[in-house]
Amino acid sequence: MCGLAAGAWLGAAEAPTKLVTVGFSPFIISLGMVAGVFVARWTVPVALKGTSFVMTDLKAKPHLIAWGLLAGMLWAVANTLTVFAIRDVGLSIAFPLWNTNSLVGLFWGWLLFNELRGSAAKDWMKVLGGAAAIVVGACVLAYATQQHSTAGPKNATLGILAALGAGLLWGTMYIPYRKAYLSGLNPLSFVTVFTFGELGTVVALASAFHGGLGNLWVELGRARPAMFWLFLGGFCWVLGDLFQQYAAKYIGISRGIPLSNTNQLWGLAWGALVFGELAGLAPGPRLLIIGGSAVMILGAMSISFAEAPAAEQASWKRATQRECERYGMDESTVAAAVRGEEPLSKAKPKRHWWEALVVFFAAGIFVWLGLNAARQELAFNLPWMIVLAAASLAALLISGVALWRRTRFS
Amino acid sequence: MTPPVQPRQGAGRLTAIATDVHFWVPVVVLLLGLSLLLFLR
């Protein structure tokens, strides 16, 4: 359920990047979204768990700060690449291409974390068959893009390269994710460190490519009327990523990531239904794009139905033991945390008065940007936008309540 | 009774990170991504 809810919110999060088509630089779009992610981190997660819990959690596993920062940096570079990809080949085509990240994640899960080791032949078949379907779907989409894109051939190739590059980076980002959860780190603690790595990298990239911080500030001022939409994308992303992280924690990256990659379906829905991206296409290419996406989704579903048997669970345990020996962690405490039963999470977290102020200030930034927001020169279909937003909210409520009942957000 | 396990500190922690393949794989991929970004710009 977490994986599927992640799909809905990560899909919605990419919609504001369409603003690149009205002339904003990819770096400014990426910076706006990441700043939104950073600010949003201090709203819902602080309201849920407070800050003392996060500090205690990180003190017990300080080495994971390095991986949290690294994951944030990988995400930031990948996100900037996706903006280039959307500019060159469009949201509905770029999306499935960078979703090959599930193959990359699956490979790293197998190689580095013993995932799928000890699985039965039928589970391997489900996973490999699903992986093959994802590759075939990606090839169909690449073909449809090359043949029918309105962008020039050079732009289409660069767009595909950018989307596949983002897939590689995002797939590799799951190494830090899995490492954190094998060590029993809470997803909220991980996201906290992650946002610092992410914001630092995007500010560095944007200022390097815009000729310094001064120029960047001027550019940001120019983009202020659009900033609310980018912040909103960042907010959706935080919710989607939290669900994705819980999925990685409880079912592993080789299964959790393909599930959250159903965000492709949502990306296609936002691109095609809300922004009318497929409107100018003939029925043939349109069918190719929809068919390619459907094949990829079926592949992802096949992977996620390959349940981890007892032998594979034992392999996971060995991966946890490796972490405990290498970094000096208590195996029984980590095992409890991995099951979602860590004592730290059950204790009533100490709350500080200033946490309310932080939430109020972060929410205030969203309100201020909302008051300064202007309607962008971007055609969209309002009824479809309302339908998709309502469906995403339903996924949030159902999965959020289920997660709270089962794990107390542990 | 066994003493409680303590997280590695200082140089011990840095060495454990620096000799962990889980650290270097993402670092190399990150550098690849940055190069691609430079190329696309």
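Helices here are DSSP runs of H or I with at least four residues, numbered from the N terminus. With that in hand, let us walk through this predicted model, starting from one side chain. A:Glu355 lies in helix 19 of chain A, which covers residues 353–372.

Now step back to chain A as a whole. Its secondary structure consists of 20 helices and zero strands, and 55% of its 410 residues count as buried. Among the contacts in chain A that join residues at least 6 apart in sequence, 91% link residues at least 24 apart.

The largest nonpolar core has 129 residues. Which residues have the most contacts inside that core? They are A:Trp9, A:Leu74, A:Ala85 and A:Ala163. Two of these names meet directly: A:Ala163 touches A:Ala85, and its other contacts beyond four places in sequence are A:Thr82, A:Val89, A:Ala94, A:Leu97 and A:Trp98.

Helix 12, residues 224–251, has 28 residues and reaches 40 Å from its first C-alpha to its last, close to the 40 Å expected at 1.5 Å a residue. Because 24 of those 28 residues are buried, helix 12 of chain A is largely enclosed by the rest of the structure. Helix 17, residues 331–338, has A:Val334, A:Ala337 and A:Val338 as its buried residues. Seen down the axis of helix 17 of chain A, these buried residues fall within an arc of 100 degrees, so they line one face of the helix. After helix 17 of chain A comes A:Gly340, with a positive phi near 85 degrees.

Next, bring in the partner. Chain B has two helices and zero strands, and buried residues make up 17% of its 41 residues. The contact between the chains takes 29 residues from chain A and 22 residues from chain B. On the side of chain A that touches chain B, helix 5 (64–89), helix 9 (153–182) and helix 16 (310–327) each give two or more residues. The residues on that side divide into 20 nonpolar, five polar and four charged.

Finally, a word on confidence. The mean pLDDT is 79 for chain A and 85 for chain B. In chain A, confidence is highest in helix 5, at 90, and lowest in helix 18 (residues 343–346), at a mean of 62. Where pLDDT is low, the predicted coordinates should not be read in detail. For the complex, the predictor gives an ipTM of 0.89 and a pTM of 0.79.

Technical notes. Residues are numbered from 1 along each chain as its sequence is written. Chains are lettered from A and ligands numbered from 1 in the order in which they are written. This is a predicted model: local features need pLDDT of at least 70, side-chain atom pairs count only at pLDDT 80 or more; totals for chains, interfaces and linings use all residues. A nonpolar core is a set of buried Ala, Val, Leu, Ile, Met, Phe, Trp, Tyr and Cys residues joined through C-beta atoms within 7 Å. A residue is buried if 20 or more other C-beta atoms lie within 10 Å of its own, exposed if 12 or fewer, and partly exposed in between; C-beta atoms are placed from the backbone. Two residues are in contact if their C-beta atoms, placed from the backbone, lie within 7 Å. Ala, Val, Leu, Ile, Met, Phe, Trp, Tyr, Cys and Pro count as nonpolar, Asp, Glu, Lys and Arg as charged, and the others, Gly among them, as polar. The expected span of a helix is 1.5 Å times one less than its number of residues. The arc is that of the directions from the helix axis to the C-beta atoms. pLDDT is the predictor's confidence in each residue, from 0 to 100.
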